[in-house]
Amino acid sequence: MNKRNYSRELDELIKNNYRDGVRPSLMLHVCCAVCASYVLEYLYPHFAITVAYYNPNITDRSEYDYRLSELNRYIDETGMTDIRFVEVDYDPERFDKLSEGLEDVPEGGARCARCFELRLCYTAELCKRYGCDYFATTLTISPLKNAEVINAVGEKAGRDIKARYLATDFKKKDGYKRSIELSRRYDLYRQNYCGCRFSYREMLNRNR
């Protein structure tokens, strides 16, 4: 069975919307400014974007707030003036609860899948609440994250909540490379771990 080409699917959707004179609304889950940089550059001309910065996995409030401030700064400095934000709570207790029993699972395993599910289900709910045409996530730009897993979680969330999920693989077509170029240009904070205390611990162990 051939793998789906998520990048091509998205390009086809954009091409069809352009032909029809349509700019759909998109509820976009964003994890940080670095991942958002290329994704927003790519999507902004084609979608009316609302950002959902929902990341209860991030280690502590200061890290959470700093990543959010860098995201705001990037959007301001690039002049994407009509991007909206929805207000979400920083609720690390939800991440702690889903992590119970999975504390020692390596990065990329079942704990990460649950984390994707938590964030994408919440984004799907926001998509439906605010009447957006689609929801999506910046998570697929990371070369360390499996786009098939993320998209499977997103599509299930969309089916369950009755919201349309936009499957993506933003690392394709040098998307990740472009995100690094933009991060350097705008001097964005580039964290050296995903966000949770478990990825932070793995980062410390690698650097010993």
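Colleague: In this predicted model, which residues of α7 do Val34, Ser37, Tyr38 and Glu41 of α2 meet?

Modeller: Those four residues of α2 meet Gly175, Arg178, Ser179, Leu182 and Ser183 in α7. The residues of this contact divide into three nonpolar, four polar and two charged.

Colleague: How do you know whether α2 and α7 are roughly parallel or roughly perpendicular?

Modeller: Helix α2 and helix α7 (residues 175–185) pack at an angle of about 110°, and their axes are 8 Å apart. Angles of 65 to 115 degrees count as roughly perpendicular. The value falls in that range, so α2 and α7 are roughly perpendicular to each other.

Colleague: What is the term for the way α2 lies against α3, and why?

Modeller: Helix α2 (residues 33–43) and helix α3 (residues 61–78) pack at an angle of about 25°, with 9 Å between their axes. The cut-off for roughly parallel is under 35 degrees, so α2 is roughly parallel to α3. Their crossing is right-handed.

Colleague: Which residues make the contact of α2 with α3?

Modeller: From α2 come Ala33, Ala36, Ser37, Leu40 and Glu41, and from α3 come Arg67, Glu70, Leu71, Tyr74 and Ile75. Sorted by type, the residues of this contact are six nonpolar, one polar and three charged.

Colleague: What makes α2 count as mostly covered?

Modeller: Buried means under 20% relative accessible area. In α2, 10 of its 11 residues are buried. They are Ala33, Val34, Cys35, Ala36, Ser37, Tyr38, Val39, Leu40, Tyr42 and Leu43.

Colleague: What do the buried residues of α2 pack against?

Modeller: They pack against α1 (6–20), β1 (25–29), β2 (48–52), α3 and α7.

Colleague: Which residues have the most contacts inside the largest nonpolar core?

Modeller: That core has 66 residues, and those with the most contacts inside it are Leu10, Leu26, Leu28, Leu40, Leu43, Phe47 and Ile49. Leaving aside neighbours within four places in sequence, Leu10 is in contact with Tyr42, Leu43, Phe47, Leu166, Ala167, Thr168 and Phe170.

Colleague: Which residues of α4 and α5 meet?

Modeller: Arg94, Phe95, Leu98 and Ser99 in α4 meet Arg111, Arg114, Cys115, Leu118 and Tyr122 in α5. The residues of that contact divide into five nonpolar, one polar and three charged.

Colleague: How do you know whether Arg61 is exposed or only partly exposed?

Modeller: Arg61 is found in helix α3, and its relative accessible area is 45%. Exposed means over 50% and buried means under 20%. The value lies in between, so Arg61 is partly exposed.

Colleague: What about Lys162 and Asp174: are they buried or exposed?

Modeller: Lys162 has a relative accessible area of 67% and Asp174 has 52%. The cut-off for exposed is over 50%, so Lys162 is exposed and Asp174 is exposed. Lys162 lies in the loop between α6 (147–161) and α7, and Asp174 is also placed in the loop between α6 and α7.

Colleague: What is the phi of each?

Modeller: Phi of Lys162 is near 65°, a positive value in a residue other than glycine. Asp174, which is not a glycine either, has a positive phi of about 60°.

Notes:
Residues are numbered from 1 along each chain as its sequence is written. This is a predicted model: local features need pLDDT of at least 70, side-chain atom pairs count only at pLDDT 80 or more; totals for chains, interfaces and linings use all residues. Side-chain values use heavy atoms; hydrogens and water are left out. Axes are lines fitted to C-alpha atoms, for helices over the stretch in contact, and angles run from 0 to 180 degrees between N-to-C directions. Helices (H or I, at least four residues) and strands (E, at least two) are DSSP runs, numbered from the N terminus. Angles under 35 degrees count as roughly parallel, over 145 as roughly antiparallel, 65 to 115 as roughly perpendicular and the rest as oblique. A crossing is left-handed if the near helix is turned anticlockwise from the far one by less than a right angle, and right-handed if clockwise. Contact means heavy atoms within 4.5 Å. Ala, Val, Leu, Ile, Met, Phe, Trp, Tyr, Cys and Pro count as nonpolar, Asp, Glu, Lys and Arg as charged, and the others, Gly among them, as polar. A nonpolar core is a set of buried Ala, Val, Leu, Ile, Met, Phe, Trp, Tyr and Cys residues joined through side-chain atoms within 4.5 Å. Buried means under 20% relative accessible area, exposed over 50%, partly exposed in between (1.4 Å probe, protein chains only).
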